[in-house]
Each structure stands twice: as C-alpha cells, then as structure tokens.
Amino acid sequence: MSSVADVVFYLFAAVLLIAATRVISVRNPVHAALFLVLTFFSAAGLFVLLGAEFLAAILVMVYMGAVAVLFLFVVMLLDVDFAALRRGARRHLPLGLVIGATILVEMGALLLAYHPATPTATGEEVANTLTLGRLLYTRYLYPFEIASLVLLLALVGAIVLTLRQRRVRRQCISLQVARTSAEAVTLKKVAPGEGA
Amino acid sequence: MAEFLASIQGSGQELLGVAWIPLWTVIKIAVLLAPLMFCVTYLTWAERRIIGAMQVRPGPNRVGIFGLLQPLADAVKLFVKETLIPTGADVPVFLLAPLITLGAALVAWAVVPFSAELILADVNIGILYVLAISSLGVYGVLVSGWASNSRYAFLGSMRSAAQMVSYEVALGFTIIPVIMLAGSLSLKDIVAAQSDMWNIIPLLPLFVIYFISGVAETNRAPFDMVEAEAELVAGFATDYSAMAYGMFFLGEYANMILVSTLGALMFLGGWLPPLAFLGFIPGIVWLIIKIGVLLFFFLWIRATFPRYRYDQLMRLGWKVFLPLSLFWIGVTGVVLHLTGRVPG
C-alpha cells in the first residue's frame with residue numbers, strides 16, 4: 001500500500017514543482033494563472049496524502065474556487081502589457097536573488113530547528129475535522145477570532161475604497177415587479193386621421 | 001455481496017500484488033461511471049420528450065421505438081463530426097476547457113454514496129469534497145470563453161463565472177445547517193441522521209434555496225444566462241463543435257444529476273424509505289425515485305419559466321438567498337442549542 005502512496009506523492013510533488021516554476025516562467029499571464037491553479041491542486045493532493053482531507057478541501061474551495069478565479073478574471077479583463085513589466089527584470093535580478101536567498105536561509109533554519117510533535121491522535125480514531133474544530137475554538141480561539149477580524153477589516157476596506165456615490169440610474173426591482181397592466185397600459189380611442 | 005467483493009479483492013491481491021490496487025480502482029471507477037454516462041445520455045432524451053409533452057408536441061420519436069435510440073444517434077453524430085478550432089484560439093487551453101468541465105463533473109461522483117455500503121471512496125468530508133470539486137467546474141467555462149478568442153464566447157463565460165461563483169456561496173450556506181443537524185461532513189452520516197425525520201421538514205426554506213441555487217449553478221434555464229442565444233449566440237460554447245461541445249453537454253447533464261442526487265441525500269433522506277413499513281424495497285430504488293423527481297423539476301422549470309434578467313439573477317443570489325441562508329444557520333444553531341440536541 002505504501003509504495004502506491006509513495007508513487008502518488010512523487011507524482012503530485014513533481015507536478016507541483018513544475019507548475020510552480022511555470023507560473024513565473026511562462027509569458028502569457030492567463031497561462032501563468034492556470035499553472036497557479038494546477039499548483040494549488042497538487043498541494044491539495046499532498047494534503048490528502050497526509051490525511052488532512054479537510055484542509056485539502058478548504059484549499060481547493062478557497063484558493064482554486066475563489067481566489068484563483070478572481071486572478072483569472074483580472075488577468076483576462078485587464079489589458080496589461082506584461083512584456084513591458086518584464087523589461088526591467090534583469091536590472092532587478094540581484095535584488096531579487098538577495099531576497100530569495102534570505103527566504104531560503106530562513107526556511108532552512110526553520111526546518112533545522114523543527115522538531116515534529118508526537119501526533120496525539122491519528123485520523124483513524126478521531127475525525128481530523130472534529131479535532132481541528134475543537135482546537136480552533138478552544139486553544140487557538142483568540143488567534144482565530146483576530147484573524148477573522150482582520151479579514152472583516154479587509155472586506156470593509158475594499159468596500160469603502162470602491163464605493164463612490166456616482167449618479168447612476170438604478171432600476172428599482174420592487175417597483176418593476178409591482179407594476180400591473182392597469183397602470184402601465186392605457187387604451188385610447190384614436191379618431192381616424194388624427195393620430196394618438 | 002460484501003463477501004463476494006472481499007473474495008475478488010483477495011484473489012486479485014495474490015495474483016497481481018501491488019499492481020492490483022490501481023487496477024481494482026479503475027474497475028470500480030468504470031462500474032460507477034458506466035451507469036452514470038448511460039443516465040446522462042438518457043436524461044437528454046427524457047428532457048426532450050418531457051418538454052415536448054409539456055408543450056404539446058411529440059419530441060424525438062423517429063429513431064427507434066419512442067425515439068429511444070436518439071441519444072445513440074446524437075452520440076454518433078458528435079463523434080464523427082469535425083472538431084473545428086477557430087483561428088486565433090489558444091489551442092491547448094481551448095481543448096483543455098471541455099476536459100475540465102467534464103472531469104470536474106465526473107470526479108465529484110467518487111464520494112457519493114448510493115446506499116449504506118455502495119460508495120466508491122468513503123471520505124469523512126464527503127460533502128466538502130463535492131463542493132470543492134464542483135467549484136472547479138467554473139474553470140472550464142471561464143477558460144473556454146477566453147481561449148475561443150471571440151467576444152460572444154468571452155462575454156458568456158464572464159457572465160457564467162460570476163453567476164457560478166455567486167451561487168456557490170448561497171449553495172454552501174444551505175449545506176451548513178444540514179451538517180449542523182448531522183454533526184458530520186460524511187454524506188453517509190447525513191443520511192443516517194435523517195432516519196427520524198427528513199431534513200426537508202425542518203429545513204424546507206433551505207431546500208428551496210438549495211434547489212434554485214443548484215439550477216443557477218448548473219447554468220440551467222431560467223438561469224442559462226451563459227448561453228442566452230438571443231444575445232450571445234451560444235455563449236461560451238459558440239466556437240465549440242463535435243466532441244468538444246459534447247463534453248460540455250455531458251458535463252452539464254452530469255452536474256444536473258449530481259445536484260439532484262445531493263439534494264436527495266441531504267434533504268430527502270437519501271436511500272431511507274418515506275414510511276418504515278416500505279423498508280422492504282431496496283434503498284437504492286428510493287434514492288433513484290427521489291433523484292428522478294428532482295430531475296423532473298429541473299425539466300419542468302425549464303419548460304415553464306422565461307429567462308431571468310442578469311442583474312436580477314445576481315441580486316437574487318447575493319441579496320436574497322445569502323442573507324436568508326445565513327439567517328437560517330443562526331436559527332438552526334439556536335434551536336439545536338435550546339433543545340439540547342447539539343450532535344458530536
């Protein structure tokens with residue numbers, strides 16, 4: 001059984017790495033967004049292999065079902081000249097490399113210092129969704145609530161930024177629905193040769 | 001039945017070793033998909049016959065008795081036609097789009113239980129999995145419109161993507177009270193929790209919202225804004241022909257059956273009989289009857305209602321269904337707490 005899982009793991013991991021590289025290397029922005037979707041999907045596959053089905057489902061739903069769709073929307077609708085944006089890429093290469101190296105070192109340090117905690121319960125005994133929910137609403141209640149508050153703030157901020165009182169003619173649907181033929185239609189007797 | 005399956009599995013394991021697991025999975029997938037594709041093709045026949053009857057015309061009745069061979073004729077026609085690819089289209093993405101639509105529509109079926117034992121992959125987050133996979137269907141539509149390099153197709157796909165994303169939210173919220181009542185994300189547990197009372201009784205308004213959102217989510221009339229032929233020719237499918245178009249078509253009908261099946265499982269008690277003394281009829285028969293009723297509603301609605309206006313559609317999703325379903329989540333929580341029936 002484990003060998004099948006191993007093969008699947010390497011398959012997903014390879015697809016993930018290739019897709020992630022293609023996100024930044026391909027020229028067409030829509031293709032890049034699609035490769036990003038593939039990256040998310042492979043990551044979700046890895047989560048499933050770890051036994052974290054709930055996280056995988058949430059990853060697919062939130063990142064692929066919502067975030068990446070919005071990316072695609074923007075990339076498809078905006079006429080951004082990505083070639084022009086890329087022109088300065090070589091000049092910024094040293095700075096980019098420094099930032100990349102810093103992140104790499106930090107991640108390496110993190111991995112070296114990381115001791116995997118002994119798993120208290122595996123997915124077999126307790127459903128991991130239940131465990132996750134219990135932890136989120138007890139031990140991590142404050143971080144969880146604060147995170148949701150931050151998201152709410154971003155939501156309100158986005159609305160405030162885009163809400164302008166423009167003079168737009170709006171249709172009031174309740175008025176439209178409430179209209180009856182009695183008030184909308186008038187019958188007139190037109191005398192011949194005179195017009196209405 | 002269970003011993004028979006176990007014996008097959010045992011001998012297969014001896015015979016092939018590791019290679020048996022993928023093979024057995026493929027066999028199980030084929031056993032699930034073959035009847036599904038059969039249902040999909042005959043749903044197109046049923047749709048044309050039923051709507052024909054509603055509109056007092058015969059519908060397809062030339063190929064075979066009662067026109068029963070019509071789906072086969074259609075399939076052959078789609079297969080032998082030429083797949084046209086428009087100039088200026090992004091060819092790989094253009095061909096990928098119908099695959100995504102059909103793939104997402106079929107993959108979601110993996111976790112759908114047909115009875116307490118009959119299930120391909122018994123995942124404990126079944127319902128979330130279905131939601132997650134069905135949220136991928138939007139890519140097929142979105143990408144096809146863009147890759148066709150045509151304005152009609154692009155407008156159609158933009159409309160439909162906005163519509164699908166909006167109604168997914170309402171759909172997701174109608175499912176939450178069902179999960180709250182069952183205390184589980186597993187479709188099997190959700191059905192089992194309805195043994196006393198089907199969810200449609202305490203959650204009737206949510207069932208209505210679920211079904212209407214389902215119609216909108218599958219882009220069916222009266223919410224078929226995607227392919228409003230008067231404005232957009234055929235929307236995102238304008239430039240598709242032959243089997244590429246056929247795959248969009250199959251995906252749409254597979255999604256209709258999926259929405260009906262989920263509705264039957266979540267609100268109508270799945271394979272449970274309506275009255276206890278009717279338990280001698282096998283559960284899968286009940287499930288098929290319930291799915292059939294919901295599918296009939298899909299067709300009935302299509303034959304009855306004129307197409308919605310686009311702004312009204314979005315308004316209905318965001319300003320009516322979303323607050324209503326959120327409100328009902330609150331009501332369900334309060335009632336569960338007051339009656340002390342919080343599961344888990």
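## How to read the model

Residues are numbered from 1 along each chain as its sequence is written, while chains are lettered from A and ligands numbered from 1 in the order in which they are written. Because this is a predicted model, local features need pLDDT of at least 70 and side-chain atom pairs count only at pLDDT 80 or more, whereas totals for chains, interfaces and linings use all residues.

## Chain B as a whole

Chain B has 13 helices and zero strands, where helices (H or I, at least four residues) and strands (E, at least two) are DSSP runs numbered from the N terminus. Its radius of gyration is 21 Å, close to the 20 Å that the globule rule gives for 344 residues, so chain B is as compact as a globular protein of that length; the radius is taken over C-alpha atoms, and the rule is 2.2 Å times the number of residues to the power 0.38. Along its principal axes, the C-alpha trace of chain B spans about 60 × 60 × 40 Å.

Of the 344 residues in chain B, 44% are buried, a term that applies if 20 or more other C-beta atoms, placed from the backbone, lie within 10 Å of a residue's own. Among contacts in chain B between residues at least 6 apart in sequence, 77% join residues at least 24 apart, and two residues are in contact if their C-beta atoms, placed from the backbone, lie within 7 Å.

## Two packed helices in chain B

Two packed helices are described by the angle between their axes and the distance between the axes. Helix α2 (residues 20-54) of chain B and helix α11 (residues 242-267) of chain B pack at an angle of about 100°, with their axes 9 Å apart. That makes α2(B) roughly perpendicular to α11(B), a description used for angles of 65 to 115 degrees; the axes are lines fitted to C-alpha atoms over the stretch in contact, and angles run from 0 to 180 degrees between N-to-C directions.

On the side of α2(B), the residues that meet α11(B) include B:Leu36, B:Cys39 and B:Val40, and among their counterparts in α11(B) are B:Leu250, B:Tyr253 and B:Ala254. The residues of this contact of α2(B) with α11(B) divide into nine nonpolar, one polar and no charged, where Ala, Val, Leu, Ile, Met, Phe, Trp, Tyr, Cys and Pro count as nonpolar, Asp, Glu, Lys and Arg as charged, and the others, Gly among them, as polar.

## A residue in α11 of chain B

B:Ser260 lies in helix α11 of chain B and is buried, with 24 other C-beta atoms within 10 Å. Not counting residues up to four places away in sequence, B:Ser260 touches B:Ile291, B:Leu294, B:Leu295 and B:Phe298.

Chain A has nine helices and zero strands, and 13% of its 196 residues count as buried. Its domain assignment, which is automatic or from a database, gives domain 1 (1-116) and domain 2 (128-164), and 24 Å separate the centres of these two domains of chain A, taken over C-alpha atoms.

The contact between the chains takes 21 residues from chain A and 23 residues from chain B. On the side of chain A that touches chain B, α3(A) gives the most, with twelve residues, and the residues of that side divide into 17 nonpolar, three polar and one charged.

Notes
A residue is buried if 20 or more other C-beta atoms lie within 10 Å of its own, exposed if 12 or fewer, and partly exposed in between; C-beta atoms are placed from the backbone. Angles under 35 degrees count as roughly parallel, over 145 as roughly antiparallel, 65 to 115 as roughly perpendicular and the rest as oblique.
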